[in-house]
Amino acid sequence: MTTYWAERAWLPDGVVDAVRLEVVDGTFTQVVPGRPRTGTVLSGLVLPGFANGHSHAFHRAMRGRTQGERGTFWTWRERMYDLADRLDPDSYYRLARGVYAEMALSGYTSVGEFHYLHHGPAGRPYDDPNEMGHALARAAADAGIRLTLLDTCYLTGGFGRPLDDRQKRFGDVDAEAWANRVDGFRPEGLVHVGAAVHSVRAVPADQLPTVAERSGPLHVHVSEQRAENQDCVAHYGRGPVQVLADTGVLGPRTVAVHGTHLDDADIRTLARTGTRVCFCPTTERDLGDGLGPARQLADAGVGLCLGSDSQAVVDAFEEARALEMNDRLAARSRGRFTGAELLAAATDHDALGWGEVGLFPGAPADLVAVDLNSVRTAGAEPEAVLLCASAADVTDVLVAGREVVRDRVHQLVERPEAVLAGEIEALWRS
């Protein structure tokens, strides 16, 4: 048994003082407020571990190299294809290890990796057809973070179009071939395997039911771009949300990623089917996607979660803050979400298949300690920490009871910044 004492902790009923947390075999066995100081002291405010609901790890190599460009999501995508062509299993492992270490330093204890970079150049399969997925699993294990590998079905280059040469690394012959490949992946340790539909433009409607039959978490890009919606209506006579509903993709285990351009009927369908929506505010603003109807979705009963997506920013506080601030801009009104609602969105591990994570007995021992005396947080009420703190204020992180970050230092990856710098420079030189 390991004992921690939190100066303050955000329990399911709110922030309380002097909390003793006992951990046995990676699980909280006792969480008791009002106790004398004992064991390992965690100063500041202790929160449940953050969940990164949507990640493309390799996009991290584009940070600081595309943000100053003009253009659109579609022109940005051309640079992304160029980067994807440069990766192999070894370089993907090294890059992802640095990315996942950065996430842990930021307070993330689990990540949903929307994984579509499957094959070699020109689509040639590796000897192990899941070699790129195994590279991600090794990277997450070595960085100490939970991984849900959302293996992504990607079959076409657009509505009625074959994959082009750059997309062949992503694709399988059909949904059945994709499912057979995924069946060959054997997860170990803190790794789950889920499924994903890249989008309605990349998986034809007649293939979607095969993907929907998979058990576990199911994620899908939905209505990120207006052009996607318009093309979908032109091709199918209805929008992406309705296509996904008609083919059995939507439901309580499904997460619709982005949901930026939804109409009222879409929102009703998502609510009726119990589908969550994952907002990725820092990527959506970086790509100029637009502002999704966050409060309207929440009011309809749609669960919200958050992800870092393209890694333009890796900061769980910034994603939660942007959810609130973006909705203020859209509504021209303040106080759109409570602190508890923001925390729930930022810590939704159930969307990744890990069940409920929080500071209560029986939950996985994932926690994040936040400095309340930095230049950003000094004087703030603890309940407002998501609106003022940043990743730089994270001091300690536990994942399944393991100390992954201690005193702001990653305990498993030495100098993650050097790992990232070296690998990213090498990729762009190749």
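Which helix gives the most to the lining of the largest cavity? That's helix 1 (residues 73-84), with five residues. Keep in mind that this is a predicted model, where local features need pLDDT of at least 70, side-chain atom pairs count only at pLDDT 80 or more, and totals for chains, interfaces and linings use all residues. Residues are numbered from 1 along each chain as its sequence is written, and side-chain values use heavy atoms, with hydrogens and water left out.

**Cavities**
- On a 1 Å grid over the protein atoms alone, a cavity is a set of points where a 1.4 Å probe fits but cannot get out, and lining residues have an atom within 4 Å of a point.
- The largest cavity has 21 lining residues, with Phe73, Tyr116, His198, His221 and Glu224 nearest its centre.
- Its lining splits into eight nonpolar, eight polar and five charged residues (Ala, Val, Leu, Ile, Met, Phe, Trp, Tyr, Cys and Pro are nonpolar; Asp, Glu, Lys and Arg are charged; the others, Gly among them, are polar).

**Largest pocket**
- A pocket is an open set of points with protein on both sides within 12 Å along at least five of seven lines, and the largest one comes to about 460 Å³.
- Of its 26 lining residues, Ala340, Leu343, Ala344, Ala345 and Thr347 sit nearest the centre.
- Strand 1 (2-11), helix 10 (294-299) and helix 12 (339-346) are the elements giving two or more residues to this lining (helices are DSSP runs of H or I, at least four residues, and strands are E runs of at least two, numbered from the N terminus).

**Salt bridges**
- The model has 29 salt bridges, each a side-chain nitrogen of Lys or Arg within 4 Å of a carboxyl oxygen of Asp or Glu.
- Arg63 and Glu102 pair up at 3.1 Å, N to O, with Arg63 in the loop between strand 5 (50-55) and helix 1 and Glu102 in helix 2 (residues 89-105), 39 residues apart.
- Glu102 is buried at 15% relative accessibility, while Arg63 is partly exposed at 25% (buried is under 20%, exposed over 50%, partly exposed in between, with a 1.4 Å probe and protein chains only).
- Arg336 and Asp327 have their closest N and O atoms 2.7 Å apart; Arg336 is partly exposed at 22%, and Asp327 is buried at 5%.

Notes
Grid points are joined across faces, edges and corners, and a volume is the space filled by probe spheres set on the points.
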